[in-house]
Amino acid sequence: ATKMTLSELAARKTAGRKITMVTAYDYPTARLVDKAGLDMILVGDSLGMVVLGYDSTVPVTMEDMLHHIRAVMRGTQRAFVLGDLPFMSYQVSVEQAVGNAGRFIKEGGCDGVKLEGGREVVPQVQGLCRAGIPVCGHIGLTPQTATNLGGFKVQGKDAASASALVEDALALQEAGAFMLVLECVPDILAREISRTLHIPTIGIGAGRECDGQVLVFHDLVGLFDRFTPKFVKRYAQLEEVVVQALQEYGTEVAAGIFPGPEHCFGMKQEEADRFVR
Ligand code: KIV
Ligand code: NA
C-alpha cells in the first residue's frame with residue numbers, strides 16, 4: 001500500500017477522478033477505511049459529537065484531537081490523513097495556528113490540517129503554507145461558528161452570499177490551500193466553485209459536481225442516530241447489527257450457553273485429578 005500524495009490528489013481533479021474521504025477517529029476504523037481503499041481520512045472535530053457525546057464541536061480540545069489523530073495514524077498506511085483544527089486553536093493569531101497545526105504534524109503524525117473559515121483565515125493559511133504544512137479550507141456551513149450562521153442550515157442560498165463564498169474560495173486557494181471542503185451549499189454554487197478553482201473541492205451536502213465527497217463514518221454506516229442530515233446516505237445499518245449481537249450475548253450469558261466448551265481452557269487429566277477435591 002503506497003501512501004496517497006498531494007500530487008496524486010491534485011492530479012485527480014485534472015483527470016476527473018473523484019476523491020473519496022471519510023472521517024475516522026480511532027485505530028480500528030482507520031484500518032477499515034484503508035482496507036476499503038478510500039483516498040483520505042479526516043480526523044474531524046465532529047468526533048466531539050459523534051464519539052465524545054458533546055452537543056457541538058465547540059468544546060473539542062487540542063489534546064482530544066491529538067489523542068485521536070495518533071490512534072488513526074497507527075491504523076493507516078495508504079490514506080492521506082487530515083487533522084481538523086478545533087475551535088480556538090487557530091482563530092487567535094497566525095502564531096497560534098502554526099503552533100497548533102505543527103503539533104498535529106509533529107506529535108500527531110498526520111499529513112495535513114483542515115481549518116474553517118473564508119477570507120478571515122487567509123493569514124493563518126498563508127502562515128501554515130510558509131511553515132510547510134498542507135492545509136485544507138472549509139467554507140459554507142462551518143459548525144464551529146454555526147451560531148453566527150443561524151444554526152445548522154444551508155449557506156449561500158442567495159446570489160450575494162453565494163458570490164461571497166466564491167470570493168472566500170478564491171482567497172483560500174490564493175493563500176495556498178491545497179483543497180477545500182464545501183459543506184451544505186446549493187449544488188450550483190459548489191459546481192461554480194469547483195469549476196473556478198484549480199484545487200480540488202470536497203463536498204458534504206454540496207452536490208455531486210465537487211471533485212470529491214466526505215461523510216462522517218458513523219453516519220455512513222448507521223452508528224449515529226441522534227440526527228441524520230439530509231445529505232447523509234446510510235450505506236449500512238450497523239446499529240441494528242450491533243444491538244442484536246449485544247442482546248444475544250446477554251441472553252446466552254444469562255442462560256449459561258456462553259461460554260461454550262470451545263471457549264474454555266482445559267487442564268491435563270492427571271493435574272485435574274490431583275487438583276479437584
Ligand atoms: O469534523 C468533520 O467531520 C468535518 C466534515 C464534516 C467535513 O469537518
Ligand atoms: Na470539522
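**View 1. Asp-84 sits in strand β3, which covers residues 80–84.** Helices (H or I, at least four residues) and strands (E, at least two) are DSSP runs, numbered from the N terminus. This is a predicted model, where local features need pLDDT of at least 70, side-chain atom pairs count only at pLDDT 80 or more, and totals for chains, interfaces and linings use all residues. Residues are numbered from 1 along each chain as its sequence is written, while chains are lettered from A and ligands numbered from 1 in the order in which they are written. Why does Asp-84 count as buried? Because it has 28 C-beta neighbours inside 10 Å; the cut-offs are 20 or more other C-beta atoms within 10 Å for buried, 12 or fewer for exposed, and partly exposed in between, with C-beta atoms placed from the backbone. Leaving out residues up to four places away in sequence, Asp-84 touches Leu-42, Val-43, Gly-44, Asp-45, Met-65 and Lys-114. Contact here takes C-beta atoms, placed from the backbone, within 7 Å.

**View 2. Three positions carry the UniProt feature "binding site" (unreviewed entry): Asp-45, Asp-84 and Glu-116.** UniProt positions are given in the numbering used here, feature names are shortened, and annotations may be inferred rather than shown by experiment. They're spread over 72 residues of sequence yet cluster in space, with a largest C-alpha distance of 10.9 Å. Glu-116 is in the loop between β4 and α6 (122–130). With 25 C-beta neighbours inside 10 Å, Glu-116 counts as buried too. Its contacts, not counting residues up to four places away in sequence, are His-138, Thr-142, Gln-144 and Thr-145.

**View 3. Here's the shell around ligand 1.** Which residues are around ligand 1? They are Thr-23, Leu-42, Gly-44, Asp-45, Ser-46, Asp-84, Val-181, Glu-183, Ile-204, Val-214 and Val-216, where near means a C-beta atom, placed from the backbone, within 6 Å of the molecule. Sorted by class, that's five nonpolar, three polar and three charged residues. Ala, Val, Leu, Ile, Met, Phe, Trp, Tyr, Cys and Pro count as nonpolar, Asp, Glu, Lys and Arg as charged, and the others, Gly among them, as polar.

**View 4. Eight parallel strands close into a barrel, in the order β1-β2-β3-β4-β5-β6-β7-β8.** The twist averages 25° from one strand to the next; axes are lines fitted to C-alpha atoms, for helices over the stretch in contact, and angles run from 0 to 180 degrees between N-to-C directions. Helix α7 (residues 159–175) packs on the sheet, where it touches β5 and β6 (179–183), and its direction makes about 175° with that of β5.

**View 5. Strand β5 (residues 135–140) pairs with β4 (residues 112–114) in the parallel sense, over two bridges.** Pairing needs at least two DSSP bridges between the strands. Val-113 has Val-135 in β5 as its bridge partner, and Lys-114 stands opposite Cys-136. In a regular strand the side chains alternate between the two faces of the sheet. Both faces of β5 are covered: Val-135, Gly-137 and Ile-139 are buried on one side, and Cys-136, His-138 and Gly-140 on the other.

**View 6. Lys-268 is in the loop between α10 (238–255) and α11 (269–275).** Is Lys-268 buried or exposed? It's exposed, because it has 9 other C-beta atoms within 10 Å. From C-alpha to C-alpha, Lys-268 and Leu-165 are 74 Å apart in space, and 103 residues apart in sequence. The C-alpha trace of the protein chain spans about 85 × 40 × 35 Å along its principal axes.

Terms used. Contact = placed C-beta atoms within 7 Å.
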